[in-house]
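Dear colleague,

Please find the structure below, followed by some notes on what turned up inside it.

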Amino acid sequence: MPHPQDTVQELSLRDPESFWRHHADLLHWHRKPSRALRRTTKTLPSGVSHPHWTWFPDGEISTTYNCLDRHVAAGRGDNVAIIWESPVTGSKEKYTYRRLLDEVEVLAGVLREEGVRKGDVVLIYMPMIPAALIAALAIVRLGAMHAAVFGGFAATSLAQRIEAAKPRMIMTASCGIEGTKGPLAYRPMVEGAIEKSSFKPEKVIIWQRDQLRWDKPDKLAGQRNWQRLVKSARNRGVRAEAVPVKSNEGLYVIYTSGTTGLPKGVIREAGGHAVGLSLSIRYLFDINGPGDVMFCTSDIGWVVGHCYILYGPLMVGATSILYEGKPVGTPDAGAFWRVVEEHKVNTLSTAPTALRAIRKDDPDNKFFEEVGRRGGLKTLRGLFLAGERSEPSIIRIYQDLLTKYAAPGANVVDHWWSTESGSPISGLAQHSTAGLLAPASPQDAAYKPLPIKPGSAGKPMPGFDVRIVDDEGNEVPKGTMGNVVMVTPLAPTGLTTLFNDEERFYKGYLKRFNGRWLDTGDAGMIDEDGYIHIMARSDDIINVAAHRFSTGAIEQAILSHPDVGEASVVGIPDPLKGHLPFAFIQPRTTPGSNDGPIPATPMPELFTSINTLVREQIGAIASLGGIIQGRNMIPKTRSGKTLRRVLRELVENGVKGDFDAKVNVPPTVEDAEVVTVARGRVREYFEEREGAKKMGRAKL
Ligand code: AMP
């Protein structure tokens with residue numbers, strides 16, 4: 001018997017028309033679509049033609065209506081929509097659906113008075129406060145699109161996005177609060193970005209926070225005090241009704257996090273998003289409706305935050321936690337677990353990098369155990385991880401903890417997706433197929449998700465047809481590494497073009513395989529059981545003596561060493577083999593141990609034991625060309641992705657003895673200081689190596 005997830009998958013690909021129409025029927029349409037999918041060909045100004053498709057072509061929908069009005073109209077206005085948990089300000093606040101709708105109606109009225117019209121873009125540059133969600137829902141209520149930019153991005157990154165999105169106005173706040181660092185004024189960033197950008201938005205609407213105010217916004221042309229505008233509109237009874245848009249019109253624009261190159265503006269289409277997202281929040285995340293609580297620790301500036309803090313939970317009438325804090329330090333590594341306990345969270349979604357940070361501060365899972373022992377995690381049905389590869393060790397640790405303390409059958413679910421896909425491409429469906437296969441199947445009551453397989457990101461989600469191909473575009477046998485591609489059309493949440501840049505959509509995603517496949521930019525394999533393993537970005541593949549290795553797989557081997565807390569692998573040029581894998585590692589710290597300076601070159605015994613693991617788990621041919629150790633030297637983007645490219649450039653320069661050469665650090669870097677630390681370590685390592693060579697010592 002095939003597993004229900006396989007049956008659902010097969011149906012979604014064999015008969016997309018009836019599969020997706022069935023799901024579309026679960027939503028409110030201002031105009032019901034008569035069909036699910038229309039396939040066409042698009043011809044670009046350059047003359048190139050490529051496959052194009054439209055989901056629910058003649059439907060009209062309002063996403064805000066589906067997230068708010070629909071629930072209030074059905075008598076569920078008193079249910080809690082949003083719980084704001086802000087350890088950094090010491091605040092907590094609950095918004096019922098009724099209150100949220102009220103706030104959104106008034107703010108939408110304000111925006112209409114300020115000139116926002118259907119089809120406009122409004123840029124959101126906000127911290128994690130309820131006003132950010134209210135802004136997004138209000139913009140969408142008018143049929144306009146939001147372009148949310150991660151609050152705290154530097155002026156240059158923000159300017160790039162203003163230039164590209166051409167927003168009519170910017171909605172922002174007086175400050176963000178980054179962990180324990182205190183308030184960060186947004187004004188210099190917003191004004192600096194507008195200054196740098198050749199496109200000038202008409203207005204900036206500013207939410208004043210008590211922690212740090214924006215001095216007299218109303219005194220400057222184009223600047224407005226948000227709270228004052230809302231108060232005035234409320235006094236005058238100004239409100240706005242939901243304006244529907246065509247299914248294929250934009251709901252939002254979002255810029256990819258950009259570990260490489262200039263950010264791309266992905267457009268999310270209203271109809272496909274609503275249908276695809278309300279399927280995934282139920283089917284994959286097991287958040288089904290009123291009473292269920294979702295805690296997604298991402299930021300509203302990322303696609304994950306758009307989907308599973310804001311739209312997903314609200315679409316089904318569940319409760320969503322909006323968390324303004326960090327995994328550690330606000331105040332400690334137990335923060336997530338206590339939020340789960342206090343609000344009876346059912347599904348927690350986070351990034352592996354957050355769990356690594358927690359484990360660094362709490363290597364014995366003291367906090368988890370403490371909350372678990374008093375029964376505080378009994379409501380938790382799933383711990384979802386995405387954003388980058390999760391090493392099997394972290395999955396196993398948390399799976400054991402869930403089995404001990406969470407709800408019976410709770411799973412750690414690695415799931416893979418991207419800004420472009422708009423919802424998970426793969427994962428393990430945690431909810432029965434009820435309502436997905438019509439009529440509901442008798443298997444539903446006894447539904448058991450597919451078993452987890454640490455190291456794999458699960459099996460494909462409905463509508464996503466994933467294949468592995470070689471560089472010529474030919475499919476490779478099961479278990480073989482290659483380029484991860486998708487068959488078009490993508491599932492309804494997936495992109496069909498880029499904002500104002502159709503040529504770049506073709507060049508970036510379709511050209512590589514002549515329109516036959518859509519390139520995800522990831523490298524990986526599909527195993528014998530059909531599970532997908534995403535190993536690295538294609539750029540992060542190292543070619544060692546004509547063998548292709550993913551940095552992710554080598555990192556995984558290194559991380560199985562008990563003394564290694566974090567690892568990042570890059571290719572180092574080698575005259576004989578082309579490249580050799582080279583590792584940056586952060587030793588695991590145990591509380592009370594000596595945290596003093598450590599040499600860049602590890603002790604020969606440590607090198608040998610790590611290298612043995614790599615040789616055993618990957619193969620002798622992947623033997624490491626070297627290891628640099630240090631603390632806080634692995635640079636990341638603000639969304640938690642490792643910037644291997646930066647480390648690679650530093651190492652390449654180091655090999656040439658050029659330690660001061662400029663490296664290309666993207667503006668999305670979380671902390672530029674980390675790059676300086678890495679540079680210092682690289683210098684120390686190569687200088688030590690030179691010295692050792694001169695003294696005739698064996699090369700490490
Ligand atoms: P973004 O568009 O910023 O969300 O980044 C998407 C990229 O993150 C994907 O193309 C993958 O490279 C990586 N990614 C996301 N989730 C996973 C996962 N579960 N396993 C491995 N890589 C992942």
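The second largest cavity has a volume of about 70 Å³, where a cavity is, on a 1 Å grid over the protein atoms alone, a set of points where a 1.4 Å probe fits but cannot get out, and lining residues have an atom within 4 Å of a point. Grid points are joined across faces, edges and corners, and a volume is the space filled by probe spheres set on the points. This is a predicted model, in which local features need pLDDT of at least 70 and side-chain atom pairs count only at pLDDT 80 or more, while totals for chains, interfaces and linings use all residues. Residues are numbered from 1 along each chain as its sequence is written, and side-chain values use heavy atoms, with hydrogens and water left out.

Among the residues lining the second largest cavity are Ile124, His146, Ile300 and Leu310, and H5, strand S7 (145-148) and helix H10 (303-315) each give two or more residues to that lining; helices (H or I, at least four residues) and strands (E, at least two) are DSSP runs, numbered from the N terminus. By class, this lining holds seven nonpolar, three polar and no charged residues, with Ala, Val, Leu, Ile, Met, Phe, Trp, Tyr, Cys and Pro counted as nonpolar, Asp, Glu, Lys and Arg as charged, and the others, Gly among them, as polar.

The largest cavity holds about 80 Å³ of space, and helix H9 (residues 270-283) gives the most to its lining, with four residues.

Finally, Glu420 is found in the loop between strand S20 (411-414) and strand S21 (426-427), and Glu420 counts as buried because its relative accessible area is 16%. A polar contact of 2.6 Å joins the side chains of Glu420 and Tyr509, a polar contact being a pair of N or O atoms within 3.5 Å, where, within protein, one must be able to donate a hydrogen and the other to accept it, and residues adjacent in sequence count only if both atoms are side-chain atoms.

With best wishes

Technical notes. Buried means under 20% relative accessible area, exposed over 50%, partly exposed in between (1.4 Å probe, protein chains only). On a 1 Å grid over the protein atoms alone, a cavity is a set of points where a 1.4 Å probe fits but cannot get out, and a pocket is an open set with protein on both sides within 12 Å along at least five of seven lines; lining residues have an atom within 4 Å of a point.
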